[in-house]
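Welcome, and please have a look at the model below before reading on. The notes after it are meant to be followed with the structure open.

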Amino acid sequence: MHLFFQPDPKVFELDEEESRHCTKVLRLTSGDIIYVTDGKGLLRKCRLNVGKRNVTYEAVESNFIPKRSFTVHIAVAPTRKAERNEWMVEKMTEMGVERIDFVVTEHTHRETVSRVVNMTRLNRIAASAMKQSQQYYMPEIRLIPDFNSFIKECEQGTRLIAYVPDNHLTEHVIKKVKKQSNTVLLIGPEGDFSPEEVILATNNGFEAVSLGATRLRTETAAVAGCHAINLAELL
């Protein structure tokens, strides 16, 4: 199935990048069938019309794909390298994450945030990963510059923070997920959360969890946590 992304359901034309992929890579021509999603659950079966300057389509059939019964929300401190943040977004989108928040923490390198969290590029990568993995919902991606504000806005669902105090046995995240629920998992930066941030999170309903016996990079922890939450729903 050739799946394309057009966020505006009132527009029946592929953008320049999608048109190029359609005609130059896939070699599709007028009359061929494609599928188009708006990233919000709408899936259309469409017939192509390849013109000299643009690629349009007409809807043959439309369906709305309902959301699944649980949501995965990963909040992670941005790494210092843009490619690692991009890799995170790509892989978590493939797994079906609903929201990704890049949260600036005390130990985040603030001077690099504007450079390594490029929202336009991250959304483009998410759209590509959504299509590749045959999904019909785009994750919401946000940059939150204040840790305190993020903690206080999380008031519902299962709230978890990946933090293991020294000499303390903390249960794995997979054991803390409540099925058919909304789960948010908070991942810290390379220097981990500050003690004050941990106290603030736990005082506001976040429960400390482990991601395993080894120490993971921030981007690895985010992807591993996303996978664990999805897996917990299947067990």
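## About the model

This is a predicted model, in which local features need pLDDT of at least 70 and side-chain atom pairs count only at pLDDT 80 or more, while totals for chains, interfaces and linings use all residues. Residues are numbered from 1 along each chain as its sequence is written, and side-chain values use heavy atoms, with hydrogens and water left out.

## The annotated domain

An unreviewed UniProt entry places the feature "domain: Ribosomal RNA small subunit methyltransferase E PUA-like" at residues 14-55; positions follow the numbering used here, the feature name is shortened, and annotations may be inferred rather than shown by experiment. In the model, the end C-alpha atoms of residues 14-55 lie 6 Å apart. The span is 24% helix and 36% strand (DSSP runs numbered from the N terminus: helices are H or I with at least four residues, strands are E with at least two).

## The parallel sheet

Follow the open sheet of six strands in the order S7-S6-S5-S9-S8-S10, where the pairing is parallel (two strands pair if DSSP finds at least two bridges between them). Strand S7 (140-144) and strand S10 (207-209) stand at the edges with a single partner strand each, so one side of each is left without a neighbour in the sheet. On average, neighbouring strands of this sheet are turned by 25° against each other, direction ignored (axes are lines fitted to C-alpha atoms, for helices over the stretch in contact, and angles run from 0 to 180 degrees between N-to-C directions).

Strand S8 (residues 158-162) pairs with S10 in the parallel sense over three bridges, and Ala162 stands opposite Val209 in S10. Helix H7 (residues 218-232) lies across strand S5 (71-76) and strand S9 (182-187), running at about 165° to S5 (contact means heavy atoms within 4.5 Å).

## Aromatic pairs

The structure holds three aromatic pairs (rings of Phe, Tyr and Trp, the last by its six-membered ring, pair if their centres lie within 6.5 Å; planes under 30 degrees apart count as stacked, over 60 as edge-to-face and the rest as tilted). One of them joins Phe12 and Tyr57, with ring centres 5.8 Å apart and planes at 55°, so the pair is tilted. Phe12 sits in the loop between strand S1 (3-5) and helix H1 (16-25), and Tyr57 in strand S4 (residues 55-64), 45 residues apart. Phe12 counts as partly exposed at 32% relative accessibility, whereas Tyr57, at 6%, counts as buried (buried means under 20% relative accessible area, exposed over 50%, partly exposed in between, with a 1.4 Å probe and protein chains only).

Phe147 and Phe193 have ring centres 6.1 Å apart and planes at 50°, so this pair is tilted. Phe147 lies in helix H5 (residues 147-153) and Phe193 in the loop between S9 and helix H6 (195-203), 46 residues apart. Both Phe147 and Phe193 are buried.
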